[in-house]
Structure formats: structure tokens, C-alpha cells
Amino acid sequence: MAEDTETAPRHVAIIMDGNGRWAERRGMSRIEGHREGLEAVREVVRAAGDLGIEVLTLYAFSLENWNRPQAEVAELMRLLEHYLEIELPEVIRNDIEVRAIGRLDRLPPSVRRRVDEAISKSRGGRAMKLVFALSYGGRAEIVDAARKLLRDAERGLVDPEAIDEKTFGAYLYDPELPDPDLLIRTGAESRVSNFLLWQIAYTELFTTDVMWPDFRAEHLRLALRDYRARERRFGLTSAQVRGGGATS
């Protein structure tokens, strides 16, 4: 049963930060922090469905993360593969569709197969779209979109003079997804970290000191309550928003 669905943001994106610091503060390895973070992913995915969120995008692995120690990268890949294997049956039962954005060709073959399997087996799920940003960078997405657009322009498929934001947006990794209404960042940091740079132009931001392994359904609900209290103006004045649109 969904709760507060009428006022829920349509698309919530989350920068899941703080796994390593959470572990280090407890005298544990960073890997243990990532393992604990999986439980937060499980609970937040379930809660998002209950709260009526249509799209949940999780920043699971950035392009910059490839520069981390090899052992940590290998464990992150193993955890991703494990999560998809264990959770896919529940995801399918809950009518959730899995998607992935990023430079997926850089993923290890076994991980890529698991991602492709999750996408294929969950295709058509109507309750919620669960999007994993993997080997992802916001600038890289814009560059990749520009390359595809230029190739189409060279072939005469696109008129350069007719290119606008809508045209460019159609070349992003998954143009069917709506822009995020709310971006949550855990871990006591206040930066967007190269995440969805094109899409978050008018996204509401919510930051919390809670480290990702401690993030639970109640923290998601708190972020949504904060979101509902805001006035989204999209460049208009408050009077225009209250009046239903622009005035002359």
C-alpha cells in the first residue's frame, strides 16, 4: 500500500555516500562499510515503492571510482553482482523494472551479464523503475550524448540549427526517464559529485549527515517531508506559482 503518493516526488536520485567513513570510524575495513550499505539499498528500494516514487536512481559506482584501490573495486563489483542475484526475484515480484546508465562496457563481463539479466527479466515492471548509475559520470554522459548527436548531424539526420534542449536530451543514456525531482546525498557532504549534471538543473537537493549504511526508510520519509514543504518555482516568482503560471 503506497503512502502519501499524491505528493511524492516522481523521481528521486540518491548519492549513497559514507560507506568507507562509516566503517573506518568503527575500526572496520572499507569493504565492510560497502557490505553494510547493501542493507540500506534493500530497505530504501522497498520504502520507495511504498511511498509512491515512480523512479529511484542510485549512484552505485562512478567513473572516478575506477581509480580506487584494485581490491576495493573488485569487492564493489562482487557486491553489485551479489545484490542483483539475490534481490532480483523480489524486484520482479514487486513489479519493479531495473535499468542502468553509464559506460557499462567498462564493467567486468560477469557483472555486465548480471546487469543485462536484471534488465531483461524485469522489463515491463510498472510499479517503479530502479535505475543503477554504474561506471557513470555526468560529464561523460554529456560528452557521449554530444558524440552521438554529432554523428547523426554528419549523416544529415539532425539539423544543427534546430538543436535545442529537447533534441540534446534525447541523446542521453536513458532519455525516457524524467528529470529528478529530489536529489538526496548522504554522508555529510554537500556536492553533486558529477551526478546527473544535465538532469538536475531544477532538482531539489537534500543532504544529511547520516552515512549510507545507517540510512533507512525513516530517513527517506524525512527527505520527502522536507521536499513537500518546498515551493518549486522553475524560474517563476512565488506569486506566479500560486497563481498557476506566468503573468504578463
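The structure is a predicted model, in which local features need pLDDT of at least 70 and side-chain atom pairs count only at pLDDT 80 or more, while totals for chains, interfaces and linings use all residues. Residues are numbered from 1 along each chain as its sequence is written, and side-chain values use heavy atoms, with hydrogens and water left out.

Six strands form an open sheet in the order 3-4-2-1-5-6, with parallel pairing. Helices (H or I, at least four residues) and strands (E, at least two) are DSSP runs numbered from the N terminus, and two strands pair if DSSP finds at least two bridges between them. Strand 3 (96-101) and strand 6 (204-207) each have a single partner strand, so one side of each lacks a neighbour in the sheet. Strand 1 (residues 11-15) runs parallel to strand 5 (residues 182-185), and four bridges join them. Isoleucine 14 has isoleucine 184 of strand 5 as its bridge partner.

Helix 2 (residues 30-50) packs on the sheet and touches strand 1, strand 2 (55-62), strand 3 and strand 4 (128-136). Helix 7 (residues 217-228) also packs on the sheet, touching strand 5 and strand 6.

Glutamate 189 lies in the loop between strand 5 and strand 6. The C-alpha atoms of glutamate 189 and aspartate 209, 20 residues apart along the chain, are separated by 7.5 Å. Apart from neighbours within four places in sequence, glutamate 189 is in contact with Asp17, Arg21 and Thr207, contact meaning heavy atoms within 4.5 Å.

Terms used
Axes fitted to C-alpha atoms, helices over the stretch in contact; angles between N-to-C directions.
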